[in-house]
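Subject: Structure handover

Dear colleague,

Here is the structure I said I would pass on. Please have it open while you read; my notes follow below it.

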Protein chains: 2
Amino acid sequence: MRLTRISEIRRRELRRAAFEVLQKEGMAGATLEKVATHAGASKGIVLHYFANKQELFEHAMREANVALKEAVVDRLNRARTPRERLEAIIEANFEERFFQPSVCHAWLSLCAEVPREPQLARIQKVIHARMRSNLLSALTDLLPAGECEAVALGITSLIDGLWLRLGLQSEGLTRDIALAQMRDYLAHRVPEA
Amino acid sequence: MRLTRISEIRRRELRRAAFEVLQKEGMAGATLEKVATHAGASKGIVLHYFANKQELFEHAMREANVALKEAVVDRLNRARTPRERLEAIIEANFEERFFQPSVCHAWLSLCAEVPREPQLARIQKVIHARMRSNLLSALTDLLPAGECEAVALGITSLIDGLWLRLGLQSEGLTRDIALAQMRDYLAHRVPEA
DNA sequence: CTAAAAACTGACCCATGGGTCAACAATTGA
DNA sequence: TCAATTGTTGACCCATGGGTCAGTTTTTAG
C-alpha cells in the first residue's frame, strides 16, 4: 500500500507536467523529454509509468476533465433551484483556474488529436454526455420538454465557442465578458418566471 | 507571364493537397512527403515553392479562409434586407462543402498551432475581424446599438462551438440541426419586427 | 538484516521527417 | 537554334524524439 502511494504520486506529477507542457508547447512540441524535465525526472521514468506518449496525454486529459467535473459537482451541490443549477454548471466552466488562454491551448491541442485517437474521443464523448445530462436535468424544470435539447446544445456550443475564442484571440475576451454572454443567452432563451 | 502561371498552378495544387492531408492526418501527421505524394509530386518540389512547412500550411489556411470569405460575399450580394444579410453570413458558414467533419478536423489542427505560430494568429485575427464587421453592419439596423457587440459575439461563438462539436463528435450533429440552432438563437435574440 | 520488488537513470537504437543540394528536364524568349 | 530561366527529382544530411534496456539505487516486507 505504500507502494501504490509512490506510484500514484509519480503518475499524478507526470500527468500534471504533461498538461502544463502541453499548454506552452502543443502536442508536437510536448516531448517526453520536456515533460520529464518539467516534472524533475528522467525520460525513462515517464515510460515506466505510462506505456507510451498517447497514454500519458490520455491520462492528462482525463485528469483535467475530472477537475472540471468536480468544480461542476461542487457548485451543483450548493444550488437550490433549477435556475441555480443551470448557473452553477455555466459558472463552473468559467472559473478562473480553467478559463485561461494557456489551459485552452492545451485543450485545443488535445481536441485536435481526437479524430485520430479513439481513447481521447471516448473521453470527449463522456464529457459531452455529462454536460448534456446536467443541463437537461436543470432545463426540464424551466422549459417545455420540446425545447430542452435545443437549449442544451445552445449552451454547450456557446461555452465551447467562447473557450475556442479565448484560445485563439485571448486579447479582449475576459471572463466577465464570457459570463455576460452566457447570461445574455439565458436571459433571452430561458427567461425567468 | 506563362511562367507565373505554372508556378501559381503548382502552388495552388500544393496548398490544396496540404489542406486535404491535414484533414486526415493532423498537423503532426501531415508530412511534406505525404503532401507531395497526395499532390502527385516529389517532396523537393514542395520546398521549392514554399520556404518551409509552416509557410505551406499558412497558405493552406489562407486559401481555405478565402473560400469561406467568397461564400459569404456571394450570399451577401444576394441579400436585400439586414435580416437577409444576417442569414447570409450564417448560412455561408454552414454550407455543405465547409461544414464537414474532415474540414473541421483540418481547421482544428490549424487552430491548435495558432498560439505558437504568429502567421496563423494573424490570419485568425483577420477572419474574426471580418466576421465581426459583417455581423455588426447587419445588426445595427436590427438592434439597439448597445446590444450589437454582444449579439455579434454570441453568433460567432455559437458558430465556432457548433463547428468544434462537429469535429469532436460528428455523430448526431447534422447541418440541419446546426442551422436550426442558429435560427433558434436569432428567433429569441434578434426577433423579427 | 536481507532478499525481492519497485523506482529510477542514462545510454543506446532507430525510424522519421524537415531541409539541402547537385544535377537533370522543360520551357521560354530572342 | 540555343542560352537562360524555371521546373523537378531523388539522394543525402542530420537533428529529433519515441521507445528499449541493462544496470543501479531505493524501498519494502518478512
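A helix here is a DSSP run of H or I with at least four residues, and helices are numbered from the N terminus. By that rule Val103(A) sits in helix H6 of chain A, which covers residues 101-113. Please keep in mind that this is a predicted model.

Val103(A)

The relative accessibility of Val103(A) is 9%, so the residue counts as buried, the cut-off for that class being under 20%. Leaving out residues up to four places away in sequence, Val103(A) is in contact with Phe19(A), Gln23(A), Arg97(A), Phe98(A) and Trp163(A). Ala64(A) is 39 residues from Val103(A) along the chain, and the two C-alpha atoms are 9.5 Å apart.

Chain A as a whole

Chain A contains nine helices and zero strands, so its pattern along the sequence reads α-α-α-α-α-α-α-α-α. The C-alpha trace of chain A extends over about 60 × 40 × 30 Å along its principal axes. Of the 193 residues in chain A, 51% are buried. Among contacts in chain A with a separation of 6 or more, 68% join residues 24 or more positions apart.

Helix H5 of chain A

How far apart are the end C-alpha atoms of helix H5 of chain A? They are 17 Å apart, which agrees with the 16 Å that its 12 residues, 82-93, should span at 1.5 Å a residue. The expected span is 1.5 Å times one less than the number of residues. The buried residues in H5(A) are Arg83(A), Leu86(A), Ala88(A), Ile89(A), Ile90(A), Ala92(A) and Asn93(A). Their cover includes four helices of chain A: H4 (53-78), H7 (118-139), H8 (145-168) and H9 (175-189).

The two copies

DNA strand C

DNA strand C is surrounded by 16 residues, and the closest are Arg10(A), Tyr49(A), Leu32(B), Lys43(B) and Lys53(B). Of the atoms of DNA strand C that come within 4 Å of the protein, 65% belong to sugar and phosphate.

- Tyr49(A): an N or O atom of the side chain is 3.0 Å from a phosphate oxygen of DNA strand C.
- Lys43(B): a polar side-chain atom is 2.7 Å from a base oxygen of DNA strand C.
- Lys53(B): a polar backbone atom is 3.0 Å from a phosphate oxygen of DNA strand C.

In each of chains A and B, helix H1 (2-29) and helix H3 (43-49) give two or more residues to the surface near DNA strand C. H3(A) provides the largest share of that surface, with four residues. Sorted by class, the surface near DNA strand C holds six nonpolar, six polar and four charged residues.

Regards

Key: Residues are numbered from 1 along each chain as its sequence is written. Chains are lettered from A and ligands numbered from 1 in the order in which they are written. This is a predicted model: local features need pLDDT of at least 70, side-chain atom pairs count only at pLDDT 80 or more; totals for chains, interfaces and linings use all residues. Side-chain values use heavy atoms; hydrogens and water are left out. A residue is near a molecule or strand if one of its heavy atoms lies within 4 Å of it. A polar contact is a pair of N or O atoms within 3.5 Å; within protein, one must be able to donate a hydrogen and the other to accept it, and residues adjacent in sequence count only if both atoms are side-chain atoms. Ala, Val, Leu, Ile, Met, Phe, Trp, Tyr, Cys and Pro count as nonpolar, Asp, Glu, Lys and Arg as charged, and the others, Gly among them, as polar. Buried means under 20% relative accessible area, exposed over 50%, partly exposed in between (1.4 Å probe, protein chains only). Contact means heavy atoms within 4.5 Å.
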